[in-house]
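These are my notebook entries on a structure that I looked up for the first time. I begin with a pair of helices and then turn to the packing around them.

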Amino acid sequence: MAAPVSVDEEVDLRIDSLAYGGNGVARANGFVVFVRRGLPGDLVRARVTKVKRNHAEATTVDVLEPGPARVDAPCAHYPACGGCRFQDLAYAAQLDSKEAQVRDALARIAGIAEPPLEPIVPAESPFFYRNKMEYSFTRSDEGPVSGLHRAGRWDEVLDIEKCWLTTELGNEIRETVDAWAREERLEAYDQADGTGYLRHLVIREGRNTGQALVQLVTAPGERFERDHFVETLQRFPQVRSIQWSVNETPAEITNLPTELLWGDEAIEEELCGLRFRVRPNAFLQTNTAMAEQLYQLAGEAAGLTGNETLWDLYCGIGTIGLTLANKALTVWGVDVSEESIACALENGDLNGITNAAFFAGNVGQVLEELRERTGDPDVAIVDPPRAGLAGKALKRVGEVGAPRLVYVSCNPTTLAGDIKVLASQWGYRLVSARPVDMFPHTPHVETVALLTR
């Protein structure tokens, strides 16, 4: 059908639901329009920004009638800040929407008419839940300040007074570093022209151990007095590791080699009764409390009895495999990150676990070699990045054919696509899927799925 709307036109739309990614779904004479900042039940006036053959995109200009689930956001920076997307949507409605998105993906993409979907697991706390925050420095009249990007903008950073995603400690550390930077008369980096010095501030916390790691990212050159920086942060007894990274490229990245300025190379976190060493670039789920629930669900889906060979693919620092090691005969973990594998090996030793081994490698390239070494796995757990089992990984996992496959997903659309292939080409059947809300006020949802052959 011909699009009934045009670019820059303003139209009144009733929002029916939320699409995966967070935009509201409305219809103009039956034509689908995805509306940014539109919530279910809202009647909004929206300006059309893009028109395609099958849908249009628009941005809310005014909320004419708020929907029943619209609430007041507590954060003073909302909705300008891009850190949160749904502080103005009641939490129960967020859960309903995320569960519906997983169900829709399994039905529409995987082709499962009645998905075996279990109720979503709500977050223990909808605020102050993150154990890792990455801030960007920006320039202000008073000097450099660190904050979060403005919603929808890569080139504009907001000065944040209080972030509702991190802890009180995290907010205090950020404010202290900002005061130090202004005292030292350092200049924030400017992405547009490549001038300036301070680029990012990364704060990681062991939420169950009370330990914190601070990583400063700058442009090349040592333009600060490191002893004074260390002394500034030593006022916090929780800070156990202070590290410095240099970014020589225009890219906005923090996953960089680090130099230890003071303290330990890593901090520790406690999960499911085990201790885990966490280095600056190692992957760890950013919601500690919900990570424990996620791993518990993965363990239940694995159905271990003590005699199984377990593969932990995309294992990160070994969290899932090590928490299940006491229920398996052997655990074999693989991850592409050498730093994560170093942590996994350390974590096995730290907890006295002797039946787990970890190897660095691309999952799509090393499974044949792993199979030769370990034999066929009885259970495989995969926890891939947002792109899912990309490249050769999906084919290799299907060829291995573990009788039980536990898929921990952070993207329901790629999960559903992978399930469709695993079912049609490798004989797998989806037994259950359980959404888990790891990230309140964002569009993201985790899912633990069990497939059997």
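**Entry 1: a helix pair.** I noted that helix 2 and helix 3 cross in a right-handed manner, meaning that the near helix is turned clockwise from the far one by less than a right angle. Helices here are DSSP runs (H or I, at least four residues), and strands are runs of E (at least two), numbered from the N terminus. The model is predicted, with local features needing pLDDT of at least 70, side-chain atom pairs pLDDT 80 or more, and totals for chains, interfaces and linings using all residues. Residues are numbered from 1 along each chain as its sequence is written, and side-chain values use heavy atoms, without hydrogens and water.

**Entry 2: the partners.** I found Ile173, Thr176, Val177, Trp180 and Glu183 of helix 2 meeting His228, Phe229, Thr232 and Leu233 of helix 3; contact means heavy atoms within 4.5 Å.

**Entry 3: the core.** I looked up the largest nonpolar core, which has 83 residues. Such a core joins buried Ala, Val, Leu, Ile, Met, Phe, Trp, Tyr and Cys residues through side-chain atoms within 4.5 Å, where buried means under 20% relative accessible area (1.4 Å probe, protein chains only). Ile173, Trp180, Phe224, Phe229, Ile381 and Val406 touch the most other members. Helix 4 (residues 288-302) gives the largest share, eight residues. Beyond four places in sequence, Phe224 contacts residues including Trp180, Phe229 and Trp244.

**Entry 4: a strand residue.** I located His55 in strand 6 (residues 55-65). His55 is buried, at 19% relative accessible area. Leaving out residues up to four places away in sequence, His55 touches Phe31, Val32 and Phe34.

How values were computed:
Buried < 20%, exposed > 50% of the residue type's maximum accessible area, 1.4 Å probe, protein only.
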